[in-house]
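Take a look at the fold shown here. The paragraphs that follow walk through it one piece at a time.

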Amino acid sequence: VIPDGNRRWAQSQGMSPEASYRPAIAHLDWLLGELWPGNCTTLSFWWGSVANLRHRPSGQVDEIRESLIWWLRERAPEALRRHGADLRMVGRWRELCPGLEDFLPEPLPGAQRRLNLLFAYDGRDELRAAADRLGGGGRSEEAFQEALWLGGSPPVDLVIRTGSAGHLSAGFMLWWIAEAQLAFTAT
């Protein structure tokens, strides 16, 4: 899921862009409740790109980070426990938001589901890192896939992008979406 349109939503509500991020990430609870009772075992949710963290005004960047910390601290432990899921943070978040690891929930033994939370993520960075890790990436497709940040993840069946933008932003999960269905929604 690529959530988009947070700032436009805030503007339509007469709010500042910064005020949009906490309500946006709070919708993740609803999304988990809708998807995980069914057959979905892995959800990848993109909370922000490298460009979001490098090129937005500092107040917005702070609120993107603080909203994520709020969700990780206040909502994630219960949501993950309720659905029998583990959380995997994916991206350059350690580099661009140091200290975030202090807020990650404990792994859930025996988890049957996974939430991949993409933060400070760019699919092009993921591909370059895998190629570097393999010394050029000329090995088998399976070896390359395991070297990716999202190694061990299943292929993506469906990509949903909200906010009506008809593009994938910063190479969203380039390797994983090769055969995916794409859905763009204004909602």
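Ala120 is buried, with a relative accessible area of 0%. This is a predicted model, and the values here are computed from it. Ala120 belongs to strand 3. Its phi is near 55°, a positive value in a residue other than glycine.

How much of strand 3 is buried? Of its 9 residues, 7 are buried, so strand 3 is largely enclosed by the rest of the structure. The sheet shows where strand 3 sits. Three strands make up an open sheet, in the order 1-3-2, with parallel pairing. Strand 1 and strand 2 (85-90) are the edge strands, and each pairs on one side only. On average, neighbouring strands of this sheet are turned by 15° against each other, direction ignored.

Now take the pairings in turn. Strand 1 and strand 3 run parallel and are joined by 7 bridges. Phe45 stands opposite Leu117 in strand 3. Ser49 stands opposite Tyr121 in strand 3. On the other pairing, strand 2 and strand 3 are parallel over 6 bridges. There, Arg88 stands opposite Asn116 in strand 3. In a regular strand, side chains alternate between the two faces of the sheet.

Next comes the packing against strand 1 and strand 3, which 7 bridges join. Helix 4 packs on the sheet and touches strand 1, strand 2 and strand 3. The direction of helix 4 makes about 170° with that of strand 3.

What covers the buried residues of helix 2? The cover includes helix 1 (6-12), strand 1 (42-49), helix 4 (58-83) and strand 3 (113-121). Helix 2 spans residues 21-35, which is 15 residues. From its first C-alpha to its last it reaches 22 Å, close to the 21 Å expected at 1.5 Å a residue. Its buried residues are Tyr21, Ala24, Ile25, Ala26, Leu28, Asp29, Leu31 and Leu32. An α-helix has 3.6 residues a turn, so residues three or four places apart point the same way.

The nonpolar interior comes next. In soluble globular proteins, nonpolar side chains tend to be buried together. The largest nonpolar core here has 32 residues. Trp47, Leu68, Trp71, Leu100, Leu115 and Phe119 have the most contacts inside this core. Helix 2, strand 1, helix 4, strand 2 and strand 3 are the elements that give two or more residues to it. Which element gives the largest share of this core? Helix 4 does, with 10 residues.

Asp125 lies in helix 6 (residues 123-133). Is Asp125 buried or exposed? Its relative accessible area is 13%, so Asp125 counts as buried, the limit being under 20%. Which side chains make polar contacts with the side chain of Asp125? One is Arg92, at 3.0 Å. Another is Arg128, at 2.4 Å. Neighbours within four places in sequence aside, Asp125 is in contact with Val50, Arg92 and Trp149.

Follow the contact to its other end. Arg92 lies in the loop between strand 2 and helix 5 (93-96). Its relative accessible area is 19%, so Arg92 is also buried under the 20% limit. The side chains of Arg92 and Asp125 are joined by a polar contact of 3.0 Å. Not counting residues up to four places away in sequence, Arg92 touches Val50, Arg54, Phe119, Ala120, Asp125 and Trp149. That list leads back to Ala120, the strand 3 residue with the positive phi.

Met173 is not a glycine, yet it has a positive phi of about 45°. Where does Met173 lie? Its place is in the loop between strand 4 (158-162) and strand 5 (181-185). Met173 is buried, with a relative accessible area of 2%.

Key:
Residues numbered from 1 in each chain as written. Predicted model: local features only at pLDDT ≥ 70, side-chain atom pairs only at ≥ 80, totals over all residues. Heavy atoms only, no water. Helix = DSSP H or I, 4+ residues; strand = E, 2+ residues; numbered from the N terminus. Buried < 20%, exposed > 50% of the residue type's maximum accessible area, 1.4 Å probe, protein only. Polar contact = N/O pair within 3.5 Å; in protein donor to acceptor, adjacent residues only side chain to side chain. Contact = heavy atoms within 4.5 Å. Expected span 1.5 Å × (residues − 1). Pairing = 2+ DSSP bridges. Axes fitted to C-alpha atoms, helices over the stretch in contact; angles between N-to-C directions. Core = buried A, V, L, I, M, F, W, Y, C linked by side-chain atoms within 4.5 Å.
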